[in-house]
2 protein chains.
Amino acid sequence: MPLTIQDIQLARTRITPYIIQTPLLRLQNLDAYLGCKVYAKAECMQVTGAYKLRGAMNKILMMTEKELSCGVLAASSGNHGRALAYVAKMLGIKAAIVMPDTSPEIKSNAIRALGAEVVFCETSERFRVAERLQKETGAVMIPPFNDDNIMAGQGTVGLEILEQCPQLNTVIVPVSGGGLIGGVSTAIKALSPSTKVYGAEPAVLPKYSRSLEAGEPVTVPQQTTIADALVAQIPGKICFPYVQANTDGFAAVEEEYILKGMKLLLTEGKLLAEPSSCIGIGAVLQGLIPVKETDEVCFVISGGNVGLEQLKMLEKIIV
Amino acid sequence: MPLTIQDIQLARTRITPYIIQTPLLRLQNLDAYLGCKVYAKAECMQVTGAYKLRGAMNKILMMTEKELSCGVLAASSGNHGRALAYVAKMLGIKAAIVMPDTSPEIKSNAIRALGAEVVFCETSERFRVAERLQKETGAVMIPPFNDDNIMAGQGTVGLEILEQCPQLNTVIVPVSGGGLIGGVSTAIKALSPSTKVYGAEPAVLPKYSRSLEAGEPVTVPQQTTIADALVAQIPGKICFPYVQANTDGFAAVEEEYILKGMKLLLTEGKLLAEPSSCIGIGAVLQGLIPVKETDEVCFVISGGNVGLEQLKMLEKIIV
């Protein structure tokens, strides 16, 4: 069943009582640095600190009590896991989260604080470990991105952006497996076809850039990146066609520029966001996305789960 | 000539083309920590990083070219100086700023970057040094707070708060000499008399708490505080009667609670603000201002000029 704008609108009705409609901020102090009129959709201010709650909430609210009786399970670099742990706690069911051993402590601690179980493994092993756990426990696997109902939930970010600021002509979205950009681009192109939607992914994990060239999902080698939430090696097979149909371009952003984006957003924009969420700003700083002074550009700031100790890495970065 | 709501409304017309109408953010993720519905007026996102631009802009835009021909001058702990330097650059006139030698580097550097001269001295000497400089150069002294036109400019924060969120029942304002709270409380009590206005000042410099008890401005001994923008030893004589007439209470906040407020705003609210600006949150955390779950409370986040190296002091703070 393909994802439609109606699915996204229904998702919004379903999840609205439980999420924050995050602010869309006009950040004039960043205009001179980025060469356009800068807006930020502050999903770092979402409950659980990231947009991931939207998809997980939508998916789980569509399931029956019986389906959920053995609990829920996910492989996650952190934010999807925290979202799942939050929904599980709200509904009084069990949750287990399989995380890469490279995930920052702030993310695993927050998941444990919500009462969920955390299982660490190597990044590339996380889906296999989660499948084994599923067989053992009977818990329902909640995919982090490769699912229509997850995408429908994430797409509500796009609906809100268009309502909060209809004059935007460009939206830039951080990309891992494609759940967020799949949903957001589907919503935006359905309601405002002339608005451009760009994706930004780490240069060391250029799965969408490569796959869009190839015309089909291509796997890239696992690499570590400072963008710890963007570690997918291959586009979600369900996400890919939506991204292919509804986006206007992709940027593969160098690690240094991801950190420049984070530092700029924090020091001049006064917003704390995790490195992954600042990759769109990094893409423009690196000159990878064409913007001009009159463009009204919204950066989706997808999450803010970063520990203070992680801010040390910004000290030597020059914007 | 006493300050009226009309002066504040005129100030708004005068300065609106040159300042940002900063967002008033609903920060649900802080509600459980503070025991009320939390809002933040994000003046940390103002041009120059602090509300001070409003007062300085209003004051200088009321002066003649002739008056301004020898430039402008101020004694400032940093943010007023930066505001002045910004206005001076905009108008093509000279500016000199006398700063306490305890001011953070980020503040003096930003002032120099705008082309103004910086003169350092001991905190308690700053007004004397500025007077001497004024005699030598003929520059116009722009007071940081003790002035009706400065207060009128700062009061525009209050007008915006009421327009952006009319249902608020409490506003909490960081206090040094009283320019901000003098203007904000005058605006709020004129238009919404039932809204409560509280001031928050460092416990080590309790000049308003003492002066309100005494019924007249009282000088307290100079002390250093982590709230480097709140170092006034005595209420402004012009500000004091407005504060006396229009506020509902004062909190004298411990240093540790100022830092707890800053850490909470950054890690859970995702907003970067300087310590001084977080003193209202600290006041509620310390139990000094009575708020209840149904209260809609706006914290004026007065500025965001804090260096990343200063964030180290938050690492050992427990909220």
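**Strand pairing and its surroundings**

Modeller: In chain A, strand E1 and strand E2 (residues 37–42) pair in the antiparallel sense, over 3 bridges. Two strands count as paired if DSSP finds at least two bridges between them. Strands (E, at least two residues) and helices (H or I, at least four) are DSSP runs, numbered from the N terminus. Within this pair, A:Leu25 has A:Ala40 of E2(A) as its bridge partner.

The model is predicted: local features need pLDDT of at least 70 and side-chain atom pairs count only at pLDDT 80 or more, whereas totals for chains, interfaces and linings use all residues. Residues are numbered from 1 along each chain as its sequence is written, with chains lettered from A and ligands numbered from 1 in the order in which they are written.

E1 and E2 belong to an open sheet of 6 strands in chain A, ordered E1-E2-E10-E7-E8-E9, in which the pairing is mixed. Its edge strands, pairing on one side only, are E1 (24–26) and E9 (249–253) of chain A. From one strand to the next, the twist averages 25°. Angles run from 0 to 180 degrees between N-to-C directions, and axes are lines fitted to C-alpha atoms, for helices over the stretch in contact.

A residue is buried if 20 or more other C-beta atoms lie within 10 Å of its own, exposed if 12 or fewer, and partly exposed in between, with C-beta atoms placed from the backbone. Just after H9(A) comes A:Gly215, with a positive phi of about 80°.

In chain B, strand E9 (residues 249–253) has 4 of its 5 residues buried. Strand E8 (residues 196–202) of chain B pairs with E9(B) in the parallel sense over 5 bridges, and B:Ala200 stands opposite B:Ala251 in E9(B). B:Arg210, in helix H9 (residues 207–214) of chain B, is partly exposed, with 18 other C-beta atoms within 10 Å. Neighbours within four places in sequence aside, B:Arg210 is in contact (C-beta atoms, placed from the backbone, within 7 Å) with B:Val218 and B:Val220.

Chain B also holds an open sheet of 4 strands in the order E5-E4-E3-E6, with parallel pairing. Strands E5 (117–121) and E6 (140–141) of chain B are its edges. E3 (residues 72–75) of chain B meets E6(B) over 2 bridges, where B:Leu73 stands opposite B:Met141. Helix H4 (residues 79–91) of chain B lies across E3 and strand E4 (95–100), at about 170° to E4(B).

Between the chains, 19 residues of chain A are in contact with 19 residues of chain B.

Conventions. Contact = placed C-beta atoms within 7 Å.
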